[in-house]
Amino acid sequence: MLTLTCPHHPWYTLSMGKQPVVFRTRDDVYAFIHATARNLDPGSRYKSELMQLIDGARTPQDIEQCLDTTPNRGRLFAGKAWHTMSLDDKLVCNLVTNETEPNRFTPSEFCFFEEVLIPHFIRRVTQTQRPVQILSLPCSMGVEVYTLAGYFLEHYFHRFRIEGKDNLYAVIRQARTGTFPYPGCPRDMTVHISADIQGRTSFDVFDITRGDLKKQYDAIFHRNLLAYFEARTATQVLSSLIRALRPGGYLIFDRFVVDQQYPALFRGMTTLERIGALPIFQKTRDAKDHDWFFESQ
Ligand SMILES: C[S@@+](CC[C@H](N)C(=O)[O-])C[C@H]1O[C@@H](n2cnc3c(N)ncnc32)[C@H](O)[C@@H]1O
């Protein structure tokens, strides 16, 4: 296992496998929470809720026990993955939830996929003779990836690969199993993803705040994460996503971040064109691959 300690965030160990953070005291845990929350929206109540929850616990072991036995955001949404997490993961997923569900798109978004996105993909495949490359980041336990793959196959579009990326090892491990509990069904009823779908998907750990993506994609789904970040980090993440998008490609966000959390940021973008009132943008074909995407910069 290759392990590097990050000088700016000593609480993080960047590794090619998962290396749990070692907490010796309660203060170590608090310092980890503060460091992790540094690039999150200061107005978010998640950090204070987490601090309240673990207040009174005296050791890292007490804190973990408290998280395991008290209802909390992380445990609620991580499902089976919760029990495979180290304490640092359990803390992190209380700051940004793993909440996800199948078919988490509006009817107008599905309509866009059918009428615009799939025809765009078909043109790309005809031009390049290669499958289109799609990214779902963050993918949590893979449900968004599997929803999209199933949708494209149902619509007779087969020439695609979808990569799912998320910063939590535990959810990526869960995604790779190709199983997830179906909402509304008893806990032990599990959806099993067909080999046909699994063969077109792959999953990796990746933290979008820690550097650029290495490839370019024809479409990027970035849903239900950007709004958690404070403004500077959100701008950097957005720039990174734009760089990783091919000219003509589509970026698919959620309505909350575009219309409520950061409307000015989205209005100021010079290299993306919004598709009507949808939280979906196309990278204008003549966009230069430089760092400045916003009118205000
Ligand atoms: C609310 S879920 C969204 C999942 C999916 N896109 C959806 O809409 O159903 C947010 C996910 O973001 C992940 N996440 C948080 N910070 C991240 C980061 N810096 N880089 C990549 N993923 C991150 C979390 O682990 C969590 O799984």
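Modeller: Ser140 counts as buried because it has 30 C-beta neighbours inside 10 Å; a residue is called buried if 20 or more other C-beta atoms, placed from the backbone, lie within 10 Å of its own, exposed if 12 or fewer, and partly exposed in between. The model is a predicted one, in which local features need pLDDT of at least 70 and side-chain atom pairs count only at pLDDT 80 or more, whereas totals for chains, interfaces and linings use all residues. Residues are numbered from 1 along each chain as its sequence is written.

Ser140 is found in the loop between β3 and α7, and has a positive phi of about 45 degrees although it is not a glycine. Helices (H or I, at least four residues) and strands (E, at least two) are DSSP runs numbered from the N terminus. Pro138 is placed in that loop as well, between β3 (132-136) and α7 (143-154), and a cis peptide bond with omega of about 10 degrees joins Leu137 to Pro138.

Both Pro138 and Ser140 are among the closest of the 20 residues that surround the ligand, as are Thr100, Asn167 and Asn224; a residue is near a molecule if its C-beta atom, placed from the backbone, lies within 6 Å of it. This shell has seven nonpolar, seven polar and six charged residues.

Asn224 lies in the loop between β8 (217-221) and α10 (231-243). Asn224 has a positive phi of about 65 degrees, although it is not a glycine. With 19 other C-beta atoms within 10 Å, Asn224 is partly exposed.

The strands β3 and β8 pair in the parallel sense over three bridges, pairing being assigned if DSSP finds at least two bridges between two strands. Phe221 in β8 is the bridge partner of Ser136. β8 also pairs in the parallel sense with β9 (residues 245-252), over four bridges, and Tyr217 stands opposite Leu245 in β9.

Five of the five residues of β8 are buried. Ile220 touches Leu135, Leu137, Leu241, Ala244, Leu245 and Leu251, not counting residues up to four places away in sequence; contact requires C-beta atoms, placed from the backbone, within 7 Å. Ile220 is also listed with Ile134, Ala219 and Leu251 as having the most contacts inside the largest nonpolar core, which has 65 residues. Such a core is a set of buried Ala, Val, Leu, Ile, Met, Phe, Trp, Tyr and Cys residues joined through C-beta atoms within 7 Å. α7 gives the most to this core, with six residues.

Notes: Nonpolar A, V, L, I, M, F, W, Y, C, P; charged D, E, K, R; others polar. Contact = placed C-beta atoms within 7 Å.
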